[in-house]
Amino acid sequence: MNAQIPGIRADEALALVDVSHWRTLADRASAVRDAGFGSTVTYSRKVFVPLTQLCRDVCHYCTFAKTPRHLEKPYLLPEDVLRIARAGAAMGCKEVLFTLGDQPELRYARAREALAGLGFARTLDYLAHVAELVLKETGLLPHLNAGLLGAEDFARLRKVAPSMGLMLESSSTRLCERGGPHFGSPDKDPARRIEMLRLAGEARVPMTSGILIGIGETRVERIESLLALRELSQAHGHLQEVIVQNFRAKPDTQMHDAPEPDADELCWTVAAARLIFGSGMSLQAPPNLYQGDLTDLVRAGINDWGGVSPVTPDHVNPEAPWPHLERLAAETARAGATLAERLTVYPRYVLQRADWIDEALHPTVLRMSDGAGMARVGQWAAGVPGDGNDDDARDVTLVAPRRDSPIDRLVSSMLDGHVPDEEQVERLFSARGADFSRVCEAADALRASTVGDTVTYAVVRNINYTNVCLYKCGFCAFSKGRAHEDLRGKPYLVERDEIMRRVREAWDRGATEVCMQGGIHPDFTGHTYLDICRAAKEAVPGMHVHAFSALEISHGARTLGLSVREFLGELRTAGLGSLPGTAAEILDDEIRRLIAPDKLDTDGWLQVIREAHEAGLRTTSTIMFGHVESYRHWARHLLRLRALQQDTGGITEFVPLPFVHMEAPMYLRGRARKGPTLREALLMHAVSRLVLHPLIPNIQASWVKLGPAWAQRCLQAGANDLGGTLMNESISRAAGASHGQEFSPAQMEALAAQIGRPTRQRNTLYGEVDPARSRAACAAMPLSEVRNAPVVPRRARLPA
């Protein structure tokens with residue numbers, strides 16, 4: 001987000017006790033919060049599992065802990081836990097919160113007997129078992145509030161839970177003295193709790209902690225408790241959130257008639273906590289425990305509502321039901337913010353999962369997360385039929401754009417000619433709610449003023465001449481070889497005569513271009529690519545040959561001992577008209593090393609495209625997004641393309657390609673997300689329009705990946721082109737896409753007409769098309785069956 005604001009000094013924090021009313025601090029606290037979290041307030045959709053309500057402690061305010069005679073059974077059985085977890089999964093929950101008393105087996109014989117009957121000696125051993133069971137059976141992510149843990153406990157439990165929690169409550173030892181709320185509760189000793197939080201940091205476990213206010217502590221003691229938590233966070237970086245929770249008096253407890261802190265006192269503590277922790281710490285106040293106006297908590301500095309369950313009650317505070325999510329969203333909006341779902345583990349730990357989350361949990365975390373490390377919302381996925389579910393629709397519903405928000409001011413500056421930096425582009429991708437609407441609205445208006453309302457398309461045939469490839473890109477389900485025998489389809493090679501037949505057939509059906517690419521076959525040399533060009537031009541001299549990725553160009557040049565520029569010259573002579581900007585994937589080597597370690601690096605790709613432009617060849621440009629990268633990598637990619645275009649002017653269009661996950665090797669191995677969310681896919685088109693303006697005027701929506709309905713929606717969010725009719729589409733289909741292999745001119749025109757937009761058939765370079773070509777395209781006969789030859793080893797060139 002914005003530049004981070006550090007917390008205030010300890011002496012400044014202690015001076016806050018003399019500030020009588022929280023509203024004096026509110027503007028400052030809100031500004032600090034906005035610097036870290038913008039206008040987003042988060043929550044986690046959870047299901048609550050009270051594994052055991054037995055506890056060896058006797059906190060004087062607690063109704064959760066019960067003695068054995070008040071419980072039907074000491075522990076929930078595995079089938080009980082799974083029943084609750086499955087109910088949560090059915091309601092869209094992503095977190096299962098395990099709450100339990102501290103080490104009850106040390107106090108109660110019945111606890112020891114029950115554990116023995118279950119086959120365990122300790123409550124924590126049983127917890128590890130059921131957490132793993134829930135993870136495997138339901139896919140929900142466990143969050144463990146398990147009381148005091150040792151180093152060995154953390155080592156074991158972090159394998160089944162990406163986050164854990166322990167409330168400090170208070171660092172005051174006075175509250176543990178006789179007459180205090182923690183008297184008789186050995187596990188509430190502040191020194192022991194601080195030591196456990198320190199051990200969590202050493203174990204690299206993302207932790208939730210916080211304070212409980214109104215149990216007899218003073219304001220000074222609250223500040224001291226917050227400073228103790230800040231010191232732990234600064235030392236280890238593991239505190240993902242700090243909760244400020246207000247005491248609620250409950251019947252049948254020793255503190256049943258104790259005064260509760262009022263709304264103003266809670267807001268004062270929230271504001272003080274925000275100033276102490278600065279803009280980087282997530283700050284939470286449970287909405288079900290607050291009896292005032294929820295917008296006050298937002299103004300005081302919170303950015304998170306905590307876990308909210310649509311299924312189970314708050315077992316710790318059963319008298320206070322969770323607010324309905326629709327009401328919470330409305331109240332958040334009334335505060336000028338947007339409600340957004342997160343996971344139990346916070347975004348920065350998701351993005352740095354190699355350091356913070358056990359590798360065994362990565363597949364589940366990736367499956368549930370988006371490019372910001374937030375919760376993946378909705379069911380839509382690139383290449384999958386259907387328009388998603390209600391969550392998808394809510395995530396991309398256009399509302400009144402927010403004016404004078406940081407996003408609005410950034411967009412306005414870009415429309416006035418400001419070129420954004422990496423952090424600003426990253427911020428645009430985080431837009432949600434009214435800010436999302438503002439970005440899409442601005443991109444659509446910019447599209448209209450730049451290229452008009454006409455939707456363009458090209459009549460094109462794709463020819464993927466082989467799916468055999470030397471490279472082992474983790475995202476690719478198209479290439480076949482010894483390492484890919486489990487994927488769909490057999491290895492093939494399209495022979496020279498078949499290439500010529502397909503080119504002639506494409507011409508007869510109105511095509512102006514053949515787009516030809518394939519895997520890097522081990523027997524292919526530069527001569528192969530020259531032969532492909534010659535075959536196409538021999539078949540139809542007037543056909544535009546749009547062919548060969550930067551990787552193929554590099555490979556061909558190397559095999560002939562030529563420079564890239566020399567090889568491009570030979571290809572032009574052989575008939576090459578332009579290059580597709582594919583194999584770009586993500587133009588950042590941090591990501592390329594993960595998804596395609598043996599491929600061209602970022603500088604290598606950019607250099608080939610640069611040399612193509614210098615040789616007089618135009619290219620397109622692409623991004624393949626939604627797998628392991630983050631918004632920061634998207635920003636770097638767009639800015640690198642912009643810089644290249646600023647130098648050369650050779651890029652005709654930008655084509656966002658959402659990752660199709662279904663058959664991709666890295667997804668099947670649990671190493672990738674499920675592609676972008678629908679919000680992210682729309683934003684990629686909108687943000688690219690804003691960032692690349694005015695250098696790259698054409699933004700294309702890929703119907704084969706997005707599907708017709710959402711390609712149409714992209715036309716209202718910055719895109720102006722629907723790409724090619726394709727005729728034969730193999731690469732997305734191999735990855736599992738199901739939107740078809742051809743989208744006819746009539747379908748293109750109908751799609752645009754539905755939103756009141758005219759269409760124009762274009763050529764590869766966005767020029768006009770001979771009317772005879774358009775007539776042929778409209779009268780196209782069905783395609784003949786394609787013929788792919790089985791692979792025969794050691795072919796240096798395409799066979800005649």
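**Aromatic rings**

I looked up the ring cluster and found F429, F625, Y631 and W634 linked by ring pairs. I counted rings of Phe, Tyr and Trp (its six-membered ring) as a pair if their centres lie within 6.5 Å. Planes under 30 degrees apart are stacked, over 60 edge-to-face, and the rest tilted.

This is a predicted model, so I note the rules: local features need pLDDT of at least 70, side-chain atom pairs count only at pLDDT 80 or more, and totals for chains, interfaces and linings use all residues. Residues are numbered from 1 along each chain as its sequence is written, and side-chain values use heavy atoms, with hydrogens and water left out.

I searched the whole structure and got twelve aromatic pairs. F120 and Y126 form a tilted one, with 5.4 Å from centre to centre and 50 degrees between the planes. F120 is buried because its relative accessible area is 19%. Y126 is buried too, at 0%.

**Charges over rings**

Next I checked for charges over rings (NZ of Lys or CZ of Arg within 6 Å of the ring centre and within 35 degrees of the ring normal). The charged end of R204 sits over the ring of W356, 3.9 Å from its centre. R773 lies over the face of W507, and here the ring centre is 3.7 Å away.

**Salt bridges**

Side chains of opposite charge can pair when their charged atoms come close. My rule for a salt bridge is a side-chain nitrogen of Lys or Arg within 4 Å of a carboxyl oxygen of Asp or Glu. How many salt bridges does this rule give? The count is 62.

I picked R56 and D187, whose closest N and O atoms are 2.8 Å apart. R56 is in the loop between β1 and α3, D187 in the loop between β4 and α7, and 131 residues separate them. Helices (H or I, at least four residues) and strands (E, at least two) are DSSP runs, numbered from the N terminus. R56 is buried at 19%, and D187 is buried at 0%.

K94 and E341 came next, at 3.1 Å from N to O. K94 lies in the loop between α3 and β2 and E341 in strand β9, so this pair ties together parts 247 residues apart in sequence. Both K94 and E341 are buried.

Then I took D358 and R158, at 3.9 Å. They are 200 residues apart, and both are buried. I also found one network, in which shared partners join E422, E426, D588, E590, R632, R636 and R640.

**E513**

I found E513 in strand β13. The side chain of E513 does make a polar contact of 2.7 Å with that of T764. A polar contact is a pair of N or O atoms within 3.5 Å; within protein, one must be able to donate a hydrogen and the other to accept it, and residues adjacent in sequence count only if both atoms are side-chain atoms.

**R760**

R760 lies in strand β19. I call R760 partly exposed because its relative accessibility is 23%. A polar atom of its side chain is 3.4 Å from the backbone oxygen of Y766.

Key:
Buried means under 20% relative accessible area, exposed over 50%, partly exposed in between (1.4 Å probe, protein chains only).
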